[in-house]
Amino acid sequence: MALLLAACSCETSSNGKKSTSGLIEKRDENVITFVTINSPNTYYINSDREFSGLEYDLAVAFLAFLDDKKQIEFIVVDSIEEVVEALVNNRADIAAADLTVTEERKEVIEFSTPYQNIQQQVIYNKQLTSKPAKNIGRLTGKEIVVPASTSFVERLKEYQEKEPALNWIARKAAHSENILEDVADGKVEYTIADDHLVSVLQNFHPQLHVAFPFGEPEKIAWGFAKKRKPELILEANAFFTKIKSDGTLRNLIDRYHGNSKRLKPLDVNTFLKRSRTLLPQYKKLFKDAQEITGIDWRMLAALSYQESHWDTFNTSPTNVRGLMMLTEATSDQMGVMNRLDPKESIPAGAKYLNLMINTIPDRVPEPDRTYMALASYNIGYAHVEDARVLAQRLGLSPDSWVDVKKALLKLNDPQHYANAKYGYCRCAQPVIYVESIRSYYNILSRFEPAHEPFEDNPYKIASN
């Protein structure tokens with residue numbers, strides 16, 4: 001795979017020479033330059049100081065698909081308007097910025113094969129608005145703020161022909177995440193945003209609610225300058241055809257959005273409250289457990305919350321107990337004397353999860369391996385292995401969580417569990433379990449910093 005360059009710039013690519021007109025006179029033909037924006041859906045630096053985002057991962061996968069000596073880099077700009085300008089002015093080759101395909105944009109740029117469907121939604125703050133608008137007509141006279149030069153503006157203009165009193169503020173140098181946060185903070189009454197971004201931000205701002213869908217569903221695609229590099233568009237289309245057929249696209253979308261609609265606003269509110277009141281007393285223990293196992297302390301805390309809601313005295317009717325809800329058998333296996341003692345239960349639960357991770361075959365990539373291990377923590381590895389076998393029988397990937405969870409859901413059907421080695425399983429439960437933990441982990445990752453482990457830790461468990 002060719003070397004990856006990830007360069008953040010709000011001005012220009014490091015490989016081009018800028019002319020007095022603001023255009024790049026010449027760029028390195030061996031470098032594919034992507035233009036994007038900072039967003040949970042596109043490109044960002046995560047809490048582990050690594051590049052992340054669906055568009056970033058797609059760009060890296062595209063580089064591997066080309067399988068030549070090309071490199072990639074990113075220009076990061078502040079608005080969709082600047083994204084389009086970067087293409088038109090030859091500052092970038094590809095716009096990978098959660099870009100909606102619209103008729104107006106087709107006049108100035110070209111699009112790849114679409115790779116995701118989205119629905120625009122009207123969003124408000126439920127805590128501040130008791131009677132939200134339920135249709136376009138009810139938005140007249142309301143404060144509506146949207147990012148400038150976006151598909152939201154295009155659609156508002158269409159509706160304004162039927163509702164002349166409909167008005168809005170098109171905010172420059174802003175994108176949807178900024179305005180959604182303003183709605184959450186009570187600074188803006190209404191905005192319009194794509195459903196996949198809304199579902200992500202609702203996990204951090206549960207007061208954000210959907211008033212109603214705005215128009216018909218739309219499609220997301222990569223953008224290209226017109227008639228500049230037609231061969232690059234053909235390569236991109238071939239790439240999207242491949243990753244749709246081999247499951248790569250499905251896996252990537254699940255990685256960023258598969259769990260985002262799992263939690264209800266009440267769940268998020270309760271979790272945020274307990275993160276402030278209960279979590280602080282256990283943070284050190286979770287971080288110490290990370291030192292032992294190498295598992296991110298926030299993942300361990302999310303697992304513990306799903307198990308016990310951080311109630312150290314939690315006990316189930318089947319006598320599963322403590323912060324990590326350990327069974328008697330697991331406690332004996334991990335050498336725990338008192339399951340109600342957080343000093344014992346947290347490291348024991350972390351070691352058991354680590355054991356499950358090491359049980360999953362090495363060929364299963366992360367984070368899928370951890371997701372399968374979490375499911376194993378909940379129902380045992382045997383049923384997860386049954387699901388992996390079933391996934392393969394169904395023509396799905398046994399090494400992909402998005403496919404394995406589909407197979408898990410079928411293990412309550414006699415048609416499938418009759419041929420499973422370990423038989424019937426109420427396997428909707430572990431799917432909900434894993435997706436909830438993923439959501440809690442994402443919330444903690446936004447508000448809690450990563451823990452830097454000690455170097456040369458003598459207590460760390462070696463991975464297989």
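Which residues in H8 meet which residues in H16? From H8 come Arg250, Asn251 and Asp254, and they meet Trp401, Val402, Asp403, Lys405 and Lys406 in H16 (contact means heavy atoms within 4.5 Å). By class, that contact has 2 nonpolar, 1 polar and 5 charged residues; Ala, Val, Leu, Ile, Met, Phe, Trp, Tyr, Cys and Pro count as nonpolar, Asp, Glu, Lys and Arg as charged, and the others, Gly among them, as polar.

Before going on, a word on where this comes from: it's a predicted model, where local features need pLDDT of at least 70 and side-chain atom pairs count only at pLDDT 80 or more, while totals for chains, interfaces and linings use all residues. Residues are numbered from 1 along each chain as its sequence is written, and side-chain values use heavy atoms, with hydrogens and water left out.

Now look at Leu285, which sits in helix H10 (residues 283-293); helices here are DSSP runs of H or I with at least four residues, and strands are runs of E with at least two, numbered from the N terminus. Leaving aside residues up to four places away in sequence, Leu285 touches Pro342, Lys343 and Ile346. Arg298 is 13 residues from Leu285 in sequence, and their C-alpha atoms are 11 Å apart.

Stepping back, the chain has 18 helices and 13 strands. Its C-alpha trace spans about 70 × 55 × 50 Å along the principal axes. Of the 464 residues, 53% count as buried, meaning under 20% relative accessible area with a 1.4 Å probe, protein chains only.

Methods:
Buried < 20%, exposed > 50% of the residue type's maximum accessible area, 1.4 Å probe, protein only.
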